[in-house]
Structure formats: structure tokens, C-alpha cells
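Open the model in your viewer and keep the selection tool ready. The tour moves from a loop to a helix pair, then to the nonpolar cores.

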Amino acid sequence: MGAWLCYGGVGAAAPAPDWGTPEMSREEIIERTMIPFRGVSNKGADPKTMTGKILCGYQGWFAAEGDGAGRGFYHWQGRRGFQPGSCTIDMWPDMSEMEADERYPTAFRHADGRVAEVFSSFNRKTVLRHFSWMKQYGLDGVFVQRFAVEVFNPRGLRHFNVVLNHCREGANLHGRTYAVMYDLSGMRTGQMARVMEDWRLLVTRMRITQDPAYLHHRGKPVVAVWGLGFNDGRRYTLAEGMELVRFLKADPVAGQCTVLLGVPTGWRTLDQDCVNDAFMHELIKAGDIVSPWTVGRYADLPGVQRHAARRWQPDLEWCKANGKDYLPVVFPGFSWHNMRTNAPLNQIPRLGGRFLWAQYVELKRMGATMAYQAMFDEVDEGTAIFKVTNDPPVGASPFVTYEGLPSDFYLRLVGAAGRMLRGEMPLSETLPIKP
């Protein structure tokens, strides 16, 4: 197989490949979209270590009518389609920089009557634009979300393969780094072998871990597994999780990885959102990096301080004692009213950036060396840090804004947090940037 990305250290993106059609078979999708990379990565964020980095979650699950994905307004629309009163997002993306071929018109309208538009993660130009923002604002890179139940079916596999290709290209063009994060949510018992097979295909067909921009840590490529140990009724077991971890560590073809485990907040104490099963600790010890999910686990500034004292600090000490790295999760606020109408709009307010900054201050104080920023593009749950508009559509669906702050405010704030985490600027409890 030939390469489709062949560019040097500078310059524009290569011509877009032909991703085929949504009606392709699984075998055709694998042949068309799992293509190895050859080229020279632009220098920037060091892909050889996670130390000193803030890495964002990148959902990449948005599709739109006319984008070629064949999924309609996927991850925008509610039960009655994508129209006022039926959507799953609580924030509206800032589309002001998007070009004509990145804009997809909707049934929503702005206050002045203009048609409201959205983007598609299937659109290569938009994903490359996102990575250019990461470079501009000093964000190191992303964990590209790969939803297991999605890649089990052909259309989902095609969508997420194409998005992963876009992210790979964006990271190389703009000197960022990236890694794959498997989200196991929605899986049933007995499906873990399908995750193993998917990773094996990425390694052997796409040669993902040989990409010069692919994230490594402690000398090995990083792969993340999110969703082990939650007590919310998940049907796959901890024992199956252990099988996956052992595969990623020891498989002669697709193994030899640094394995990151996305786990519940209560993983260490086996309480709160975690299963009360001591095998959880055996699973953690089989991996390399612990990353407890904290979105929604605290909701105000005093809550941040309590969580840091009760969870983050002793978590970090446990990891040091057991030879594991610790990747704490931070988030800017939270809102999922349009997805779950019984939830309040703006459920966890951002406080003009102070809520997020307080989390970074606590992490710096306790000696954290890396962080996971939830999330780059998550407008469904209102945790996005990319460019969101203060002029959302009006009508039956209400939206949260950046409270009048510039649309790039949170990109700048996270860039500053990275500098503070690395010691390039002093710790400060006050916001380091102005609107």
C-alpha cells in the first residue's frame, strides 16, 4: 500500500484522498481508510513524552447533511431531527472562520434571521483547522476518541477512521501530537476481542504507532482505554478489561504499548462511581497511567479544593508508590440540558474561566506533571474549549455561551495552563489572561 500523506516539514496539506461511500463493506472500508503514513512531521510538541503536557479529548463524532459521511446531523440532532426543540448540544460552535465548504446549514436561526450553520468532523479542512488552533494557542495535542461500539459497524468505522486520518494529518502538519483513546461505553460482554482486532488493524494496516506525531511515553506508543470499573451497569467485566490490557502490553504484533486507563473518580477507594471490587487495583497495576474521570464530580470553587485534597493528592501519592503515572482530568464547566431536559441549563457554571483555572492551580500545587483537558470539541455536554459563539440560535432550544468572553478565551487559558504546569510561568491564583 502506498502512502497518501507525503509532505515535508513545511507546507500545505496533501490532496485529500477518496474515502469511498457510506455503502461500502467493512472490508472495503478497511482497504480504503486504513492507509499508512509517510512523510516528515513538523516540529512542535514533543511526541516522545506526556510529561509537561496538557492533552485534550477530541470527540470527532460530529457529522452533517451533505458532508459525505452519510450519517445526517449525527451528534447534533435529537429524537425529532436537528431543529429548534430537538438537539443534543448545549453550545453552538463559532463558525466565523469556517470557509464555505465547511459550513452546513440547519433549521436553526440566529436572532437576526440568519441561517445557523454547523461543522462536520468528517470534513478534513475543519479538523486541520482545529489542529492549527492547537498550534496557535500552544495546546500540545489530543486523545482521539475511538468509540468501540461505533467501529463495530461499517458506517461508524468509516467515520472514525476518516476522522483519525484527519487528526493524524493535522498533528503532523501543525507539530502537535495525538494518541488513540478507546471508549468502551455501550459494549456488551464478550466483545473485547473486537477492540483488540481494531487496534491490531490500526497498527498493521494504518501503521499508526509508526507515525512520527503519534504520542509515546516511557519509550512506547500510548493507547488509552476509557470506561473500566464504573458502577453504572456496564456489561463488560473487569476480567475482560484485564485481557485487553495484557494484549496491549504483550501482543507480539500490536502490543508493547504504554497503556492509559480511564477509570472512575473512586478507583482508589472503590467507592462513589466505582465498582467495589478489589480486582480493580490489579487492573490498574497492570496498566501504566491512571486517569480518573472527574467531569461533574465537583461544581464550584470550594468543591475543586475539596476534590484536590480528598482525591487528587492521595491518588497521586498512590501512583507514585506503585510506579504509575497520573493523568488528572479537568473540565471548564458542564451543561447537557438539550440532551437531558430534566437537567438544568448551565448546570456547572464556568465562572468566566475561574472554575477551570482553579483546577489547574490545585494540580500545580500538588505536583502533577500532566493533565487531560475535557474536552476540545464537546458541545454536547458543554465542556468544549474550542471556539464557541456568544450569538447562538434562538428559539425552542436554549444554549450556553462563553458569557461574552472571546470565542478563543478557553484556548488561550489552556495554553497558559500548560505553561504554568511546565514551570514556564509562575503559579498564580488569578486568571493569567485578559478577555
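**Stop one: a loop histidine**

Select His-337. His-337 sits in the loop that links β11 (329-330) to α9. Helices (H or I, at least four residues) and strands (E, at least two) are DSSP runs, numbered from the N terminus. This is a predicted model, where local features need pLDDT of at least 70, side-chain atom pairs count only at pLDDT 80 or more, and totals for chains, interfaces and linings use all residues. Residues are numbered from 1 along each chain as its sequence is written, and side-chain values use heavy atoms, leaving out hydrogens and water.

Now show what surrounds His-337. Leaving aside residues up to four places away in sequence, His-337 touches Asp-90, Ala-343, Pro-344, Leu-345 and Pro-398 (contact: heavy atoms within 4.5 Å). A polar atom of the His-337 side chain lies 2.7 Å from the backbone oxygen of Ala-343.

**Stop two: α9 and α10**

Select residues 354-366 (α9) and 409-421 (α10). Their axes, lines fitted to C-alpha atoms over the stretch in contact, come within 10 Å and cross at roughly 10°. The two helices are therefore roughly parallel to each other (angles under 35 degrees). From α9, Leu-356, Trp-357, Tyr-360, Val-361 and Lys-364 meet α10 residues including Tyr-410, Leu-413 and Met-420. The residues of this contact divide into 11 nonpolar, no polar and one charged.

**Stop three: the cores**

Select Met-50, Phe-143, Leu-184, Trp-199 and Phe-376. These have the most contacts inside the largest nonpolar core, which has 145 residues. A core is a set of buried (under 20% relative accessible area, 1.4 Å probe, protein chains only) Ala, Val, Leu, Ile, Met, Phe, Trp, Tyr and Cys residues joined through side-chain atoms within 4.5 Å. α10 gives the most to this core, nine residues. Finish at a second, separate core of five residues, among them Trp-19 and Phe-122.

How values were computed. Axes fitted to C-alpha atoms, helices over the stretch in contact; angles between N-to-C directions. Parallel < 35°, antiparallel > 145°, perpendicular 65-115°, else oblique. Nonpolar A, V, L, I, M, F, W, Y, C, P; charged D, E, K, R; others polar. Buried < 20%, exposed > 50% of the residue type's maximum accessible area, 1.4 Å probe, protein only. Polar contact = N/O pair within 3.5 Å; in protein donor to acceptor, adjacent residues only side chain to side chain.
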